[in-house]
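I looked up each topic in turn.

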Amino acid sequence: MSQSSSTSPSLSPPGDQSPSSGGAIRDVIAGLVVFLVALPLCLGIALASGADLFSGLIAGIVGGLVVGAISGSHTSVSGPAAGLTAIVAAQITLLGSFEAFLLAVAIAGVIQIGFGIARGGSLSAYFPSSVIKGLLAAIGVILILKQIPHVVGHDADPEGEMSFHQPDQETTFSELLTTIAGDIHYGAAVIGVFSVLFLLTWDRITWLKKSLIPAPLLVVLIGTAVSLFLQGQGTGWSIGADHLVQIPIAGSASEFFSLIRFPDFSQVLNPAIYMAAVTIAIVASLETLLNLEAVDKLDPRKRNSPPSRELVAQGCGNLVCGLIGGLPVTSVIVRGSVNVGSGAKSKLSTIVHGILLLVSVVFLPQYMNMIPLSALAAILLVTGFKLASPSLFKQMWRDGKYQFVPFVTTVVAIVLTDLLIGILIGLGVALVFILHSNLRRPVRKIVEHHSDGDIVHVELANQVSFLNRAALERLFDGVSAGAKLKIDASRSDYIDPDVLSLVREYASTTGPARGTQVNLVGFKKTYRIDDAIQFAEYTTHDIQRQVTPDQVLRILQSGNERFVSGERLNRDLGRQVAGTADGQNPLAAVLSCIDSRVPAELVFDQGVGDIFSVRVAGNVVGTKSLGSLEYAVGVAKVKLVMVLGHTACGAVTSSAKLVASEQDAMDATGCEHLQPIVDEIAPCVGDVLNQSSLTAAEFLELPQERSSTVVNSIAAENVLHTIGQILSRSTVIRESAKAGEVKVVGAMYDVRTGRVNLVTPDPSMRDGGTEVSALAHHSPQH
């Protein structure tokens, strides 16, 4: 993923994160809010990991200052990760000491730096969006479930612990049941519930939401004031230390530095250290890349963060954490979502949050320890509501099962296990769906019905892997003997060697043995497959001579069906230009309107050299257009003449109004050569109005919908009128039609659907005197 610039105009280079003065204020405010949320999370994750509380704070500081300074992300915030708690606890026990674990963290940082330099972050481009959105929703659900107990003062589980099975031997749901059963602290609950209502109300009032005053800061200040007021109000109301933030307090500078732990370098030759380092590096990198993608999706300015640079930043952060006693860090979706929700504009906010963590730990621990956990839990609870919004679930449902099933699986798996296991399960389900989709639709296959046999067009996908080999073998086996097969690789960026081997074998051996002609086009030179043309994809003299008028009509029908369904053939127009340079052998001549919406070659999905196209306003026939059609039939020997009208025809509409109002075209429009076209259409206007029992005056007063219906009937009648004029005025076309050498047909093109329908006379119809009957379409095969 490449880093993009902000959406606002700027003279800064792309990706520049230098904040403006207004943006800097927003970043400082966002950094303050993230700091308030990160403080208990750092402590809670350290407690859940079985490590010193101070190690969590160090990780938060390093995540803000070191990672924040190096990272290229505008909004991501790093710190100790809930997804690593189980791994950290297990590795500390396995390695025997926290100091040995720190050495593993430092080495993991070096591994991550190398991974980032090697552009390993590009793997993030392959994460399915359904899993990323599932991660966001799952974090939202977990925040709601985990923070409800803290909001009402049930603080048995460490704040920031995200796993389903908790360190206190409870689960997410049993903790909720215990809370509901009565383990509620009234004083903390008053602060927590008030904070939730305050934040929700603040977000609903536009001018408050847009103000520079951060609602979470007010919640913390008010909650702290209420907590102090409740001191001495009785056991059920007075808020003790176990319901407040608990930063370790150092009485002196020497005592403060004594809290810092250093790695045990004597373990440098211990293989277990390196196994732990690799484990931490892989898991931390995976979690970072996923969280980075998720935070980018939340960014209202939709900026992309450079993932490889982020891995380098995280590696530097973990190297520093390992050297000075911190837990491993990753990009953290909870902090990032709070950062985005607080209006952060650049990475200044994450640096500010790191500075505030450092200041609070060194200089203000006693004041930070006055903040009630229920107020901070309220901020996280409201953040959870925003992440797990019902609109996200509805959107994923509308996107279909290939998006919804991996999405909801990810949500459920993360909620019922932990972040890492849940993500892996979600990725596994998404991979199954991706593989299933590729196995079913590895290529685009279209069958073009042709006079001398069907042509099977096979267009290879952008990426063709070894997983597609079996499907391609089935496709090749399904090609009937004697058919023509075109394999087009012009849109492919990668084709697996196994697939290339299959194509070579079929083109050189299997296909010819079955009497199948194979065209190969678009293969890159590195594939060592040259273009091979065994049959012409344009109309040749032999094809034109052998084809019948009915076959030509079916060819046009099939082409229109492809046009309507969006399955137009990918033609090699350059090769067709070269192939028809010395002569043309068109199959049909189409007399159509000049309307820009009705290009005959596109409407019938035909190539260069297949159609004579004669265009004139209102698809009327005059001396020059009739001469062109006579040349097509008498000299070029086309087998089909089609008069193609269309709905909402401007020429017919104008002519009908001019005839009904008895106006001259020159007087009404200033166009001196328009009247002959009106004169050709005029008989059809009178016929349709008479058959519809409408006077000219009534027609002019019709509402738009009814008027359009009448005009379309006039256009269809005009098609039949033109056919009559062609056959009565041209001897060569009339005699060729009698001899069965050519067929003259009429059709109407619907500008709304793109579908072409035949027009045939039916005296029983009184609204326009025509019957519009659908063509017998031949659907393309997939």
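Entry 1, a helix crossing. I looked up the handedness of the crossing between H5 and H6 in this predicted model. The crossing of these two helices is left-handed. I then checked the geometry: H5 covers residues 129-151 and H6 covers residues 172-180. Their axes lie 10 Å apart, and the packing angle is about 30 degrees. Angles under 35 degrees count as roughly parallel, so I recorded H5 as roughly parallel to H6.

I next listed the residues that make this contact. H5 contributes Leu145, Lys146, Ile148 and Pro149. From H6 come Thr172, Phe173, Glu175, Leu176 and Thr179. By class, the residues of the contact of H5 with H6 are five nonpolar, two polar and two charged.

I turned to H29 (residues 675-691) and H31 (residues 704-729), which pack at an angle of about 130 degrees. The axes of H29 and H31 are 8 Å apart. The crossing of H29 past H31 is right-handed.

For the contact itself, I noted Glu680, Ile681, Pro683, Cys684, Val685, Asp687, Val688 and Leu689 on the H29 side. On the H31 side, these residues meet Val710, Ser713, Ile714, Glu717, Asn718, His721, Gln725 and Arg729. I sorted the residues of the contact of H29 with H31 into eight nonpolar, four polar and four charged.

How many aromatic pairs does a search of the whole structure find? I recorded 11. One of them joins Tyr402 and Phe433, whose ring centres are 5.4 Å apart. Their planes stand at 85 degrees, so I classed the pair as edge-to-face. I located Tyr402 in H18 (residues 401-416) and Phe433 in H19 (residues 419-440). The pair therefore ties together parts that are 31 residues apart in sequence.

I looked up the mean pLDDT of the protein, which is 85. A value of 70 or more is reached by 88% of its residues. Over residues 1-16, however, I found pLDDT below 50.

Terms used. Residues numbered from 1 in each chain as written. Predicted model: local features only at pLDDT ≥ 70, side-chain atom pairs only at ≥ 80, totals over all residues. Heavy atoms only, no water. pLDDT = per-residue confidence, 0-100. Contact = heavy atoms within 4.5 Å. Axes fitted to C-alpha atoms, helices over the stretch in contact; angles between N-to-C directions. Helix = DSSP H or I, 4+ residues; strand = E, 2+ residues; numbered from the N terminus. Left-handed = near helix turned anticlockwise from the far one by under 90°. Nonpolar A, V, L, I, M, F, W, Y, C, P; charged D, E, K, R; others polar. Parallel < 35°, antiparallel > 145°, perpendicular 65-115°, else oblique. Phe/Tyr/Trp six-rings, centres within 6.5 Å; stacked < 30°, edge-to-face > 60°.
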